[in-house]
Amino acid sequence: MSERLAVRKTYKLFVGGAFPRSESGRSYVVTSAKGDFLANAARASRKDARDAVAAARKAFPGWSGATAYNRGQILYRVAEMLEGRRAQFVAEVVQADGVAAKKAGELVDAAVDRLVWYAGWSDKIGAVLGSANPVAGPYFNLSSPEPTGVVAVLAPPAAPLLGLVSVIAPVIVTGNTCVVVASERAPLPAITLAEVLATSDLPGGVVNVLTGFQAEIAPWLAGHMDVNAIDLTGAGPELAVTCEELAAENLKRVLRPPTAPIDWMAEPGIERMAAFLETKTVWHPIGT
Amino acid sequence: MTTPLAEVATSNASLRAFLHGLPGVDRVGADARAAMLGTRSIKTTAKRQAIDLAVRMVDLTTLEGADTPGKVRAMCAKAVRPDPADPSVPSAAAVCVYPDLVATAVQALRGTDVKVASVATAFPSGRSSLEVKVAETRLAVAAGAAEVDMVIDRGAFLAGDYLKVFEEIAAVKAACGGAGENGEGGAHLKVILETGELATYDNVRRASWLAMIAGGDFIKTSTGKVSPAATLPVTLIMLEAVRDFARRTGRKIGVKPAGGIRTTKDAIKYLVLVNETAGPDWLTPDLFRLGASSLLNDLLMQRQKMATGRYAGPDYFTLD
């Protein structure tokens with residue numbers, strides 16, 4: 001019997017629920033932490049970024065209009081699917097991060113738990129960040145948080161799975177849609193995560209994953225007039241300044257890169273969710 | 001094809017002989033040529049010119065049952081100044097409305113170069129008597145429409161009753177007014193072939209010739225109510241027909257694809273097709289129009305992207 005041919009995975013982009021190649025036809029070599037060849041990943045161009053923003057915008061009304069309970073259920077479903085592929089993710093994290101299998105297992109477990117943690121917040125964040133305001137007049141005055149819109153996310157270069165999940169989940173759980181630029185050095189877990197998202201009842205376009213060079217793609221997202229916010233967590237200092245300047249044109253919300261390294265294993269708090277919410281206040285006459 | 005065109009329409013038999021004597025369309029060849037021309041890459045200054053030309057060619061259209069005078073006035077304002085923030089954007093060619101809203105549009109566009117076009121003749125199906133169609137055309141023209149978009153009777157055409165279609169077009173042309181030899185001075189007549197219902201490319205070619213012989217000033221692909229609406233190969237065939245008609249008679253007929261053209265990329269593909277088929281003479285709003293509504297915003301966004309270097313967002317343009 002002849003030896004079986006290897007069936008290798010083609011790592012592509014994740015845009016609008018589909019897995020297209022880069023419009024540019026380009027790819028780049030991804031190596032493991034030890035320097036061994038792993039795969040060729042798609043190298044997204046500005047036009048892929050444009051298409052991803054269009055997909056995210058299209059998905060926004062449906063996703064932000066879904067009930068908080070429903071969004072939480074879907075995030076929980078993502079966690080279930082991730083758990084089911086645990087072994088695959090452990091292997092990818094070992095290759096990408098160069099950590100031992102035991103440590104990688106802990107990181108994948110933490111990513112699953114992170115999704116569950118954020119899923120629980122979906123119908124509670126409104127109660128924490130919203131309020132009934134005392135006003136001098138016969139009115140009910142109520143503030144409630146609403147999603148910002150399309151959020152561009154620069155994923156952290158380290159922690160290719162846990163860090164990625166920790167930046168995506170808080171953006172989408174509140175009803176935003178996003179375009180994520182995956183870790184440049186270790187993009188493969190991001191595309192495998194996209195396969196999980198694609199099979200988790202998450203509507204196409206809510207999360208769009210681009211792989212490629214952050215410095216090439218990020219400025220286009222930062223300058224895009226149809227992007228409402230940008231999370232610069234993964235940006236280096238120079239890129240962060242460039243992006244922040246570009247983001248000023250249409251007054252995007254900007255989440256600046258952290259000043260100290262983030263411990264992704266620690267419980268995150270609600271700051272990342274709060275960063276991409278707008279407070280809407282309504283006045284309603286009490287009557288009589 | 002040596003018969004003088006004037007004699008062709010004396011009877012249904014002679015019309016049939018003429019139209020069926022036209023060379024057949026190579027379907028695969030037409031599809032392939034349209035697709036090939038669609039791959040041309042138009043960039044930088046050429047693209048900028050193409051966008052402005054496309055804006056000038058747009059017939060901004062609203063043909064919904066829910067149209068209100070307010071909506072028509074808003075659309076007219078948009079046709080005159082497509083981007084209120086940028087006066088360098090040219091005006092659209094015309095607005096296209098139902099006959100009862102022509103007066104509203106005429107009032108809103110007084111003093112501008114934007115023309116008012118009205119659909120007529122029992123749009124979109126064309127299923128009514130000739131009297132009603134002619135009367136509707138007269139009403140639209142009397143209300144001030146400078147252009148009339150009529151639909152042909154596809155049922156009669158498909159049944160082979162070419163003379164009936166011919167006479168309807170001629171009667172509507174007469175109702176458009178105008179004293180000159182080809183109705184100069186009257187309203188421009190655009191004949192909608194509704195190619196999505198004509199089944200074959202051969203029929204598109206025949207209907208194009210029929211409409212041109214009968215006196216149409218423009219031939220238009222579709223009503224926008226039938227799918228498929230405008231496609232590149234169908235427009236290619238119609239452009240070939242106007243080119244051949246101009247060679248034979250010296251009269252230049254316009255072409256208007258309508259329906260389903262939503263992006264700048266699509267619009268530029270049509271301009272390439274015009275240039276390569278009928279020739280650069282047709283690259284003017286007098287001889288080529290794009291029937292569309294959402295296309296205009298995409299053209300404006302592309303224009304802004306080229307000017308500012310950043311992708312534009314729909315939040316910064318008027319709603320359709």
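Which helices of chain B are among what covers the buried residues of α2(B)? They include α1 (5-8), α9 (162-175) and α10 (201-213); covering is judged by contact, meaning C-beta atoms, placed from the backbone, within 7 Å.

This is a predicted model, in which local features need pLDDT of at least 70, side-chain atom pairs count only at pLDDT 80 or more, and totals for chains, interfaces and linings use all residues. Residues are numbered from 1 along each chain as its sequence is written, while chains are lettered from A and ligands numbered from 1 in the order in which they are written.

Helices (H or I, at least four residues) and strands (E, at least two) are DSSP runs, numbered from the N terminus. A residue is buried if 20 or more other C-beta atoms lie within 10 Å of its own, exposed if 12 or fewer, and partly exposed in between.

| Helix of chain B | Residues | Buried residues |
|---|---|---|
| α2 | 12-20 | B:Leu15, B:Phe18, B:Leu19 |

Seen down the axis of α2(B), these buried residues fall within an arc of 95 degrees, so they line one face of the helix; the arc is that of the directions from the helix axis to the C-beta atoms. The face turned away from the buried side of α2(B) carries the exposed B:Ala13, B:Ala17 and B:His20.

In α12(B), the buried residues include B:Ile268, B:Tyr270 and B:Leu273. Their cover includes α3 (27-37), α4 (44-57), α11 (232-249), β8 (290-292) and α13 (294-308) of chain B. Just after α12(B), B:Gly279 takes a positive phi of about 110 degrees.

Definitions and conventions
Contact = placed C-beta atoms within 7 Å.
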